[in-house]
Amino acid sequence: MAFVVSPSPHIHAPASTASIMRDVLIALAPATLVSLVFYGWAELLLVAVCICACMLTEWAIERFLQHSPSTIGDCSAAVTGLLLALNLPSSCPWWVAVIGSIFAIGVVKMTFGGLGQNVFNPAIAARVFLLVSFPSIMTDWSAPASISSAWGFSQVDAVSGATPLGVVSEGLRSGMTLDEIFAAHSFSYKEMLFARVGGSAGELSALALLVGFVYLLARKVIKATTTLSIWATIIGISMVFSFINPSSYTDPLFNMLTGGVLLGSIFMATDYVTSPMSNTGCVIYGFGIGLQTMLIRYFGAYPEGMSFAILLMNAFVPLINRFCHQPKFGRAK
Amino acid sequence: MENLSTFSIGGVHPDDRKISRDCPIEVLPLPDKVFVSMAQHLGAPAKPLVVPGDTVKVGQLIAEPGGFISACVHSPVSGTVKSVGLREDLAGNKVTHIEIVVEGDKWEESIDRTPDLVTELPEDKAWILDRIKQNGVVGLGGATFPTHVKLAPPPGKTADFLLINGAECEPYLTSDYRVMMERGAEVLVGAALMQKALDGPRCIIGIEENKPEAIDHLSELLSGLADRNPAYRHIEIRPLKKKYPQGGEKQLIDALTGRQVKSMGLPIDVGAVVQNIGTTLAVYEAVQKNKPLITNVLTVTGDCLPVERQHNYLFRIGVPLSFIMEQAGGVPEGAEKIISGGPMMGKAVARVDATTVKGSSAILYLTGEQTLRRPEGPCIRCGRCADACPMGLEPFLLKKLAEAGDFTALEKNAVHDCIECGCCQYSCPANLSLLDTIRIAKGDMLRIIKSRPKN
């Protein structure tokens with residue numbers, strides 16, 4: 001009788017690439033559900049289009065250009081698709097979503113060699129690509145006025161929602177102080193925490209995103225280092241600035257709950273492929289993202305800044321990996 | 001839960017699967033013939049002292065050490081030497097074996113075969129070391145390093161700690177656990193003997209928290225011994241957090257003393273000597289009973305093996321693996337891989353008629369589903385290998401550098417520090433054969449380092 005012979009180890013942990021990607025999809029489920037409830041059919045279409053277009057693009061490239069076995073079973077294209085959908089305004093037309101998906105997978109992921117080889121996060125890169133290509137579509141935050149109208153149960157009417165960051169940036173430019181802006185638009189932190197109209201589909205509810213974060217940590221899919229480093233930097237910088245001049249600089253809580261900080265810091269900046277390998281590296285990377293986000297918000301032309309910050313820091317990851325390593329055994333003392 | 005100590009970097013938590021933990025140690029019957037390997041310790045192979053036709057008794061010296069780092073080998077049975085020649089070991093390598101046809105069970109008269117516990121410790125440490133050497137004791141924790149060499153630190157170095165490894169961190173294995181439960185007092189005397197040989201360092205016995213019975217049992221025995229004999233008052237039993245590879249020498253030293261052995265360094269450099277539970281029992285038998293290392297305890301286990309066929313056997317070293325497997329009811333249905341040792345670091349058995357050696361600790365049956373390798377995917381840079389590595393290495397990087405043949409970078413990234421524990425390959429979600437590649441690169445790296453002229 002012949003037996004299998006191979007070197008140790010002879011057993012393997014249950015986790016696989018596909019199981020990790022499935023965990024990310026599960027962690028995104030609460031945020032997706034909230035966006036579906038509030039934005040209705042339009043959002044359902046966007047999610048479906050993005051996921052299908054991403055998977056199809058990957059399949060087609062592997063089938064017709066690379067002549068290699070398909071890798072869509074690892075679910076990473078589905079994760080990219082869902083993340084992209086959650087990064088678009090719910091009013092975004094389906095064909096823009098298709099262009100974004102093809103760009104994310106075709107250009108950002110596959111041209112660099114597919115999973116594990118891409119320098120930039122595909123979903124973030126696609127979002128920025130769309131933002132520069134279709135600025136008016138990508139900043140059209142009009143949304144259904146109510147849940148029933150979102151699902152077609154009552155007359156379809158829309159409100160031209162604006163993102164809090166957009167309103168603030170607009171108001172400051174026109175010479176208003178923060179207090180006046182906040183008084184004119186009734187933003188409440190409670191709304192931002194649970195469900196707020198105005199912004200990318202995925203950032204409706206901070207709470208839903210935090211639930212996903214806890215799930216990812218509990219399943220040990222990600223480590224908290226990068227996310228916490230981003231949060232600490234954003235809170236730190238906005239605390240200093242809002243303390244010095246509270247009438248022109250927004251406070252920490254406002255900055256944490258708006259402009260995709262939670263979505264970006266939990267789901268996009270922690271992408272394995274485009275973030276550093278070591279803990280020290282993750283701290284530096286997170287600091288860089290937080291710093292650039294706040295610089296763009298306080299002094300830049302764009303109101304939000306998170307996507308640009310992540311994209312820019314993606315480019316530094318190889319450099320960070322070169323200089324930051326995990327501590328080796330027996331070398332510390 | 002109290003805050004238990006463990007090693008500081010990396011580690012993984014494979015499922016325990018200590019299925020055979022409650023199977024008492026049984027004495028394995030004698031086979032028709034045994035094959036005694038001349039290469040069952042680290043270092044130079046032993047030199048046979050017998051020729052075909054010689055009659056031997058149990059415990060008779062049949063091979064002498066082949067160098068400074070080498071060990072004596074004794075006959076595990078009585079009978080007639082049939083042949084001395086090359087035979088394949090479990091991996092298929094040709095090694096000199098002495099084949100002995102078993103006739104009766106006649107022991108050397110010098111061996112004390114009574115079950116009485118001898119707790120009085122001899123005064124002369126040179127005499128203790130000599131007994132350990134003459135009786136061929138080697139480390140039974142995996143590396144089979146000759147014990148008398150380890151217990152005699154080089155000039156200028158002293159042992160502050162004698163650490164007894166009762167972690168048994170490999171899944172499935174239960175032989176050390178059974179020895180602690182059934183031969184606990186002898187283990188404690190063995191520890192005290194080694195303490196004496198090392199001029200009285202602190203002795204700590206580290207046991208993982210998943211064996212609370214062993215922790216309680218040894219603690220009870222120890223307080224009994226310490227009441228009657230002050231020599232036992234400097235032994236301590238310390239529970240450890242469960243984490244693989246806690247039983248790795250460097251990891252155990254870190255867990256129990258907080259000291260870290262430097263790269264390419266030896267435990268004695270930080271004042272530590274580590275011995276395993278089985279070795280400690282062998283030291284007791286060698287010194288107090290003058291019994292050579294001719295028996296050891298081995299676990300026969302596996303998920304596909306019915307519970308009533310799981311065993312912990314006291315076997316004569318040199319019995320063929322196939323004989324033990326027959327005694328335990330043959331290869332169970334569904335077994336596709338046989339491991340000698342644990343699932344993380346054990347060796348796959350290529351030849352079932354290969355013989356047992358001093359370091360044999362288990363026969364483990366794995367099913368195809370448990371052990372077949374899934375196809376490799378691309379590295380997703382999740383960093384799990386680096387988080388799992390107990391040496392703080394970066395396996396993903398080492399694999400890439402090894403494939404590129406960049407030995408300058410491999411040395412900088414300390415490929416030679418790899419302890420081959422398998423944590424990286426075990427954790428990799430892309431099923432990359434990390435350790436396979438790194439193991440080869442490590443071998444080449446060590447040869448490069450050794451070939452350099454010494455200044």
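Trainee: Where is B:T257 found?

Mentor: In this predicted model, B:T257 sits in helix α6 of chain B.

Trainee: And what does the side chain of B:T257 reach at 3.0 Å?

Mentor: That would be the backbone nitrogen of B:R259. A polar atom of the B:T257 side chain also lies 2.7 Å from the backbone oxygen of B:I253.

Trainee: Leaving out residues up to four places away in sequence, which ones does B:T257 touch?

Mentor: B:T257 touches B:F161 and B:L163.

Trainee: OK, new topic. How many residues does each chain bring to the contact?

Mentor: Chain B gives 65 residues and chain A gives 36 residues. In chain B, the residues losing the most area to chain A are B:I380, B:R381 and B:Y426, together 17% of what that side buries.

Trainee: What's the area buried between chain B and chain A?

Mentor: About 4,200 Å², with 54% of that given by carbon and sulfur atoms.

Trainee: How many salt bridges are counted between chain B and chain A?

Mentor: The count there is 1 salt bridge. B:D387 pairs with A:K223, and their closest N and O atoms are 3.0 Å apart.

Trainee: Which elements of chain B each supply at least two residues to the side that touches chain A?

Mentor: Quite a list! Among them are helices α6 (249–257), α11 (395–404) and α14 (434–451), along with strands β15 (335–340) and β16 (347–348). The one giving the most is β15(B), with 5 residues.

Trainee: And what's on that side of chain B by class?

Mentor: The side of chain B that touches chain A has 33 nonpolar, 16 polar and 16 charged residues.

Trainee: Now the surface. Which residues make the nonpolar patch of about 420 Å²?

Mentor: A:L45, A:W94, A:W95 and A:I99 make that patch. Helix α3 (residues 94–109) of chain A gives the largest share, 3 residues. A:I99 lies in that helix, α3 of chain A.

Trainee: One more topic, the backbone. Which residues does a cis peptide bond join in chain A?

Mentor: A:S8 and A:P9 are joined by a cis peptide bond, with omega about -5°. A:P9 is in the segment before α1 (17–66) of chain A.

Trainee: Which residues in chain B are joined by a cis peptide bond?

Mentor: B:Y244 and B:P245, and omega is about -5° there. B:P245 is in the loop between β11 and α6 of chain B.

Trainee: What's the phi of B:D199?

Mentor: B:D199 has a positive phi of about 65°, although it is not a glycine. You'll find B:D199 in the loop between α4 (184–197) and β10 (202–208) of chain B.

Trainee: Why point these backbone features out?

Mentor: Because most residues other than glycine have a negative phi, and most peptide bonds are trans.

Key. Residues numbered from 1 in each chain as written. Chains lettered and ligands numbered in written order. Predicted model: local features only at pLDDT ≥ 70, side-chain atom pairs only at ≥ 80, totals over all residues. Heavy atoms only, no water. Contact = heavy atoms within 4.5 Å. Buried area = accessible area lost by both parts, 1.4 Å probe. Salt bridge = Lys/Arg side-chain N within 4 Å of Asp/Glu carboxyl O. Helix = DSSP H or I, 4+ residues; strand = E, 2+ residues; numbered from the N terminus. Nonpolar A, V, L, I, M, F, W, Y, C, P; charged D, E, K, R; others polar. Patch = residues over 30% accessible without salt bridge, like charges linked within 9 Å, V, L, I, M, F, W, Y side chains within 5 Å. Areas by Shrake-Rupley, 256 points an atom, 1.4 Å probe, with all protein chains shown as cover. Polar contact = N/O pair within 3.5 Å; in protein donor to acceptor, adjacent residues only side chain to side chain.
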